[in-house]
Amino acid sequence: MLAADPGATIASIATEAGVDRRTVYRRFACREDLLAAVYESRVTAIEEAIKEARLREAPVAVALHRYVENIIAVNRAWPVDLTRMLADDAIRRRRDACMAEVDLFLERATSEGLLRRDQPERWAGPLLPELVNLGAHQQTHLDPAQAADVVVDTFLYGIGTRLRRAQDPAEDRQPPGDTTAGNVT
């Protein structure tokens, strides 16, 4: 509800949840406390998604897919207004730490040859969340793993190494002029 209507009242949220508004007020003294709890839950879910992706230990391609799949699931479960969420200093600091971890991972992906080195500095970092957001909210007919397939394919073939693309067996089998190979439906 808060994603669709950031101004939703406690009463309307309680009605949507199927509880009396007094039940909500017993847990949250005011609307701001409810929002703070939602933001806390979202940033905690982001931290867990990063931890589960094992960005520092797993092979980069595996970690990338795990991260994208996990964040798509977070974005779908917690579709809140990020501008309002990041107005909270503590939440913003935690999210910034998450983004720093992803930036380190993307540097690792570049140094290990998964991403091209000839891209502008800090290009991949802002691009990946945009693609993840599209995967989460524009590809809702796909489950998170399928949406992650689309996002990772787009991300790698948009900024992946040319060598990797040339070595893709599906590319070798694709007839000239056929642009349908590799598409996920």
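This is a predicted model: local features need pLDDT of at least 70, side-chain atom pairs count only at pLDDT 80 or more; totals for chains, interfaces and linings use all residues.
A residue is called buried here at under 20% relative accessible area, exposed at over 50%, and partly exposed in between, using a 1.4 Å probe and protein chains only. Residues are numbered from 1 along each chain as its sequence is written, and side-chain values use heavy atoms, with hydrogens and water left out.

Let's stay with Arg122 and look at its charged partners. A salt bridge means a side-chain nitrogen of Lys or Arg within 4 Å of a carboxyl oxygen of Asp or Glu, and searching the whole structure turns up 10 of them. In one of these, Arg122 pairs with Asp103 at 4.0 Å, N to O. Asp103 sits in helix α6 (residues 89–111) while Arg122 belongs to the loop between α6 and α7 (124–138), so this pair ties together parts that are 19 residues apart in sequence. Helices here are DSSP runs of H or I with at least four residues, numbered from the N terminus. Asp103 itself is partly exposed, with a relative accessible area of 24%.

Arg122 also forms a salt bridge with Glu107, at 3.6 Å, N to O. Because Glu107 lies in helix α6 and Arg122 in the loop between α6 and α7, this bridge joins parts that are 15 residues apart in sequence. Glu107 is partly exposed, at 44% relative accessible area.

Another salt bridge brings Glu112 and Arg108 together at 3.0 Å, N to O. Here Glu112 is partly exposed at 48%, whereas Arg108 counts as buried at 17% relative accessibility. Elsewhere, salt bridges with shared partners join Glu40, Glu47 and Arg94 into one network.

Now turn to helix α4 (residues 60–77). Its 18 residues reach 25 Å from the first C-alpha to the last, close to the 26 Å expected at 1.5 Å a residue, where the expected span is 1.5 Å times one less than the number of residues. Buried residues in α4 include Val60, Ala63, Leu64, Tyr67 and Val68.

What does α4 meet in α7? Counting contact as heavy atoms within 4.5 Å, residues of α4 including Leu64, Tyr67, Ile71 and Arg76 meet a set in α7 that includes Leu128, Val132, Gly135 and His137.

Methods: Helices (H or I, at least four residues) and strands (E, at least two) are DSSP runs, numbered from the N terminus.
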